[in-house]
Amino acid sequence: MLRYWQLRRDGEIVRVAARQQRLIAVLAVHGPSLRIYLAGLLWPNCPEPRALESLRVSTHLVTRQVPGLLAKNGPMLALDPAVQVDLHRVRALLQDGSAGFGQAARALLDLRGAELLPGWYEDWVVFEEGRLRQSRLWALTTLSRSLLTAGDCEGAAEAAVAALDIEPLYESAVRALVIAEIRMGNSASGLLAYEKYAVSLWQEMGVVPSEELVKLIDEVQGPVHPQVHSGRKTPVDYSAVLVPQPLPHGLDHLLPVGGGEAAVASGAFAEGHPGTEGGVAVGLDPRADDKRPAAGGSGGTGGGAVVDHAVT
């Protein structure tokens, strides 16, 4: 049922109609089930007597076309215990691969793009696909951490990327990827992974990365520069601030660069300032007080992002 629906017997493909496919699929996913439950799940918009009759017809057709596939036990219906289901094997891999290595871990990575019954949009299929995605996300992230502990940074990076293919905003996977890249000597790749995550997180959720992840990036980029503020030195966390912010008059969003101390955007920053056509350097004004709003923002506290200079 992963990637596509297919039934095989002794290596030969067995073809059955769509209604029989649905019955076989739901039994493969849910296991032994009450007939009345199956009828309601497969024919939710039909009255109960009609749904049960449809189930009876489907059961009869499957029994006739594929003898031995179904196991009947009064009100219960199931697949024969000898039937092998790829979904069951993947669920076993999710449990084994999340804690270890070897063949199970490799198979888990190879199956990272395998969706459950793609093109099936019934509610029970969508629900099960969501459960499978979450299980794979957790398992791949845990696998990445385990590989980091074992010193396999390349494998850890691969597992983290596979997890991010499922959920790009999963910070645990981002952190594992950044650590793996840094340990392999690819600091630039680690910073790029972080910046891509920070930009997407701000655009989609309006929040910034966690302090733990920011501290990890600060360790790579070097300590933040102290700024004199209210008579005392206070470390300024640039990387947590310089993420995309909405700017007026069509200016593109900010992009974190370098140590997070500046960003460059193109276009005119404000009407009536033709001299700002071209690149606009944006950064933190160390003289800004706590009430100064961010550039293009609607207010807020803390030193805001302001125009430092323009290049025409």
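Visitor: Which residues in H7 are buried?

Guide: Buried means under 20% relative accessible area, exposed means over 50%, and partly exposed lies in between, using a 1.4 Å probe and protein chains only. In H7, the buried residues are Cys153, Gly155, Ala156, Ala157, Ala159, Ala160, Ala162, Ala163, Leu164 and Ile166. With 10 of its 14 residues buried, H7 is largely enclosed by the rest of the structure. Please keep in mind that this is a predicted model, in which local features need pLDDT of at least 70 and side-chain atom pairs count only at pLDDT 80 or more, while totals for chains, interfaces and linings use all residues. Residues are numbered from 1 along each chain as its sequence is written, and side-chain values use heavy atoms, with hydrogens and water left out.

Visitor: How many helices and strands does the protein have?

Guide: Helices (H or I, at least four residues) and strands (E, at least two) are DSSP runs, numbered from the N terminus. By that reading the protein has 11 helices and 11 strands, and 42% of its 312 residues count as buried.

Visitor: What span should helix H7 have at 1.5 Å a residue?

Guide: The expected span of a helix is 1.5 Å times one less than its number of residues. For H7, which covers residues 153-166, that gives 20 Å, and its end C-alpha atoms are 20 Å apart, which agrees.

Visitor: At what angle do H9 and H10 pack?

Guide: Axes are lines fitted to C-alpha atoms, for helices over the stretch in contact, and angles run from 0 to 180 degrees between N-to-C directions. Helix H9 (residues 187-205) and helix H10 (residues 211-221) pack at about 145 degrees, with their axes 11 Å apart. Contact itself means heavy atoms within 4.5 Å, and here Ser187, Leu191, Tyr194 and Tyr197 in H9 meet Leu213, Val214, Ile217, Val220 and Gln221 in H10. By class, this contact has seven nonpolar, two polar and no charged residues, where Ala, Val, Leu, Ile, Met, Phe, Trp, Tyr, Cys and Pro count as nonpolar, Asp, Glu, Lys and Arg as charged, and the others, Gly among them, as polar.

Visitor: How many residues are in the largest nonpolar core?

Guide: A nonpolar core is a set of buried Ala, Val, Leu, Ile, Met, Phe, Trp, Tyr and Cys residues joined through side-chain atoms within 4.5 Å. The largest one here has 71 residues, and those with the most contacts inside it are Met1, Trp5, Leu23, Leu117 and Trp124. Trp5, for instance, touches Val16, Gln21, Ile24, Ala25, Leu117 and Trp120, not counting residues up to four places away in sequence.

Visitor: Where is Leu117, and is it buried or exposed?

Guide: Leu117 is in the loop between helix H5 (102-110) and H6, and it is buried, with a relative accessible area of 1%. Although Leu117 is not a glycine, it has a positive phi of about 45 degrees. Arg3, another residue other than glycine, has a positive phi near 75 degrees. The place of Arg3 is in the segment before strand E1 (8-9), where it is partly exposed, with a relative accessible area of 42%.
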